[in-house]
Amino acid sequence: MNENKPGASQNLACVFCRKNDDCPNKYGEKKTNEKWNLTVHYYCLLMSSGIWQRGKEEEGVYGFLIEDIRKEVNRASKLKCCICKKTGASIGCVAPRCKRSYHFPCGLQRECIFQFTGNFASFCWKHRPVQIITSNNYRDSLPCTICLEFIEPIPTYSILRSPCCKNAWFHRDCLQVQAINAGVFFFRCTICNNSDIFQKEMLRMGIHIPEKDASWELEENAYQELLQHYEHCDVRRCRCKEGRDYNAPDSKWEIKRCQCCGSSGTHLACSSLRSWEQNWECLECRGILYNSEDFQKAKKHTLPNTNSVGITDCLLEESSPKLPRQSPGAQHKDLLRQGSKFRRDVSTIMMELGFQIKKKTKRLWINKANIWNSALDGFRNQNFNPSYTIEVAYINENDNFGREHPGSKQEFLSLLMQHLENSPIFEGSLSKNLSLNSQALKENLYYEAGKILAISLVHGGPSPGFFSKTLFNCLVYGPENTQPILDDVSDFDVAQIIIRVNTATNVADLNSVVNECYNYLELIGCLRLITSLSDKYMLAKDILVYHVIKRVQAPFESFKQGLKTLGVLEKIQTYPEAFYSIFCHKPENLSAKILSDLFTVCTLSDVQALGFWNSYLQAVEDGKSAITMEDILIFATGCSSIPPAGFKPTPSIECLHMDFPVGNKCNNCLALPITNTYQEFQENMDFAIRNTLRLEKEESSHYIGH
């Protein structure tokens, strides 16, 4: 794969749009595969409706295989562009029943919208997404916050509004140029610096945000001048005979920079500084500090040894309102970049993944008596699409009438996750690793488990919380970069072998262990010649790595492939710190405040009942009830914890004239009883929640028994 040379690219036409224009901002980078005599615009290739990236990034053209490109060109040759009326229209509008096809440049000219995310959808000028504002209070023109030219504040194809700052308006072309230059890590609202909400809206409106670093970060030695230390003595009388630019480290002629601005310096001897660690400010900064309000207040403070405190010492006691200037070197830039990229809240990441879910629904018929197999049947159905909205209907095989009952999706996913945690494809007590189960491997259950886990997370299921740190690190960093520990070994006999190896006190003891376990060590490929006692560490490590990692290599790869569903694995590898908490730790215990904040209150609710509700939550938290916080949440939503993606719809409370509470798990709604006294309220709440959950458990046990 070779890039076009500047001189030759002008004469090479894109096989899709048949234009030889080389304009990266409009059509994407133009590339030529010299071997196959194939030239494409990146956007023309990316937005074509009948091609997918089946290869690796370095294969073919941007990961699109040559044979696939040729097939797509052949398909497009039979389609006529509805704009220029020429053949080769490879892009189609995704709106239902819309049959418009067009070339990418023609689509731009006709103001079509191309979404560079998800399924890379394209919308014609009739069906393109629009920005809707409830009211327009802007009577005068406002400036584009990028180019500052005045524009009419009315959302059109060419004029876009920021979703986070209502007074921020942009030209589409200005936004696109900024997105290409800033890249995904630095493209954000010019007013409030928001990136998540802003990027989501801009992607929806057809702005391409490349997954690359900012152009100014890629320029070689772009900040080189900032890495140079200031080395000049600026005091009125420099005593150094070698001159003001002389700097001799670790001597009295070493130059010390101003601790506030870093733009002035002095030799230690020229300012009577006894050591380099002693702070020093230049005259300009000292004047600013001395006249500041903070310094005036500081004079009222009692300082140690006040009799011998001068202005300089006083300045050293108080923190400077000007921050010390740090050298913005490459390491500092990397930290900034990582901060914006990796330190993100998991709920925000799950919300981004949730954007893939379409409005089209897929109903799953679930038998609670056999929840795993009925879920597998649904997910394996050829018509099932992970990005469709999931609806759940509960059925009972023993019901001769075949009746179905609407079910809660989040309750179903919670039950499914409980089954997965206790399934034979995992081993261990609390922190689990993958097991080696030949039957599960034969039935491809490891792949299905990874797929189900990914679907559950994106569709609002609970946190897994049972992964070992070793299994999580294998997913993020790869098995070859992960070192297991003894706690990962659930097989008692293997653990005993490792313990005996580690506790051997001499070579004879170590050889004795090796001889006793000769057949096992030979079978797993860990048999080694023992020449010194230190060999025990390598032997124990080899056994650990084999048992925890190499032994389950096939299940791991299958599970990993399933976890790629809906892009979950990619997000885990990009933001490991965010996902570690939900994969390896159980959710935090619920409190009265968490539940009180979680449930929204419907209008026209009974004030007294709401007061009883808050008192009831506090009583449950204080242990004055047999009910737990988790019981209340299960009663109302079917979940014992708050999912990483949050609840949809948001849990709500309403007050009704009835004796006992009612939990609607499909709508996450809790109906509170209106009673005369708090005691009656608590008794009715305890009775209903306790008995409802008990009956559900008995029903589940009855199903399993049959």
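A residue is called buried when its relative accessible area is under 20%, exposed when the value is over 50%, and partly exposed in between. In this predicted model, Asp 542 has a relative accessibility of 24% and therefore counts as partly exposed, and Arg 528, at 30%, likewise counts as partly exposed.

These two residues form a salt bridge with each other, in which the closest N and O atoms are 2.8 Å apart. The pair links distant parts of the chain, since Arg 528 sits in the loop between α20 (518–524) and α21 (535–548), whereas Asp 542 belongs to helix α21, 14 residues apart from its partner.

## Other salt bridges

The structure holds 15 salt bridges, and one of them joins the side chains of Glu 201 and Arg 204, with an N to O distance of 3.0 Å. Both residues lie in helix α6 (residues 196–204), where they are three residues apart, or about one turn of the helix.

Lys 571 has a relative accessibility of 21% and so counts as partly exposed. Elsewhere, Lys 368, Glu 411, Lys 665 and Glu 696 are linked in a network of salt bridges.

## The largest cavity

Two cavities of 30 Å³ or more are found in the structure, and the largest has a volume of about 100 Å³. Its lining is made up of Asn 433, Leu 434, Thr 470, Leu 471, Cys 474, Pro 479, Val 548, Ile 549, Val 552, Gln 553 and Phe 556. The elements that contribute two or more residues to this lining are β18 (433–434), α17 (469–477) and α22 (553–563), and among the contributors α17 gives the most, with three residues.

By class, the lining of the largest cavity divides into eight nonpolar residues and three polar ones, with no charged residue.

## The second largest cavity

The second largest cavity has a volume of about 40 Å³, and the residues that line this cavity are Val 15, Phe 16, Arg 18, Val 73, Ala 76, Ser 77 and Gly 88. Four of these lining residues are nonpolar, two are polar and one is charged; the lining of the largest cavity, by contrast, has no charged residue.

Strands of a sheet pair through backbone hydrogen bonds, in either a parallel or an antiparallel sense. Here, four strands form an open sheet whose order is β19-β20-β22-β21, and the pairing within this sheet is mixed. The edges are formed by β19 (600–601) and β21 (662–664), each of which pairs on one side only.

Within the sheet, strand β20 (residues 652–656) and strand β22 (residues 669–673) run parallel and are joined by five bridges. In this pairing, Glu 654 stands opposite Ala 671 of β22.

Conventions: Residues are numbered from 1 along each chain as its sequence is written. This is a predicted model: local features need pLDDT of at least 70, side-chain atom pairs count only at pLDDT 80 or more; totals for chains, interfaces and linings use all residues. Side-chain values use heavy atoms; hydrogens and water are left out. On a 1 Å grid over the protein atoms alone, a cavity is a set of points where a 1.4 Å probe fits but cannot get out, and a pocket is an open set with protein on both sides within 12 Å along at least five of seven lines; lining residues have an atom within 4 Å of a point. Grid points are joined across faces, edges and corners, and a volume is the space filled by probe spheres set on the points. Ala, Val, Leu, Ile, Met, Phe, Trp, Tyr, Cys and Pro count as nonpolar, Asp, Glu, Lys and Arg as charged, and the others, Gly among them, as polar. A salt bridge is a side-chain nitrogen of Lys or Arg within 4 Å of a carboxyl oxygen of Asp or Glu. Buried means under 20% relative accessible area, exposed over 50%, partly exposed in between (1.4 Å probe, protein chains only). Two strands pair if DSSP finds at least two bridges between them.
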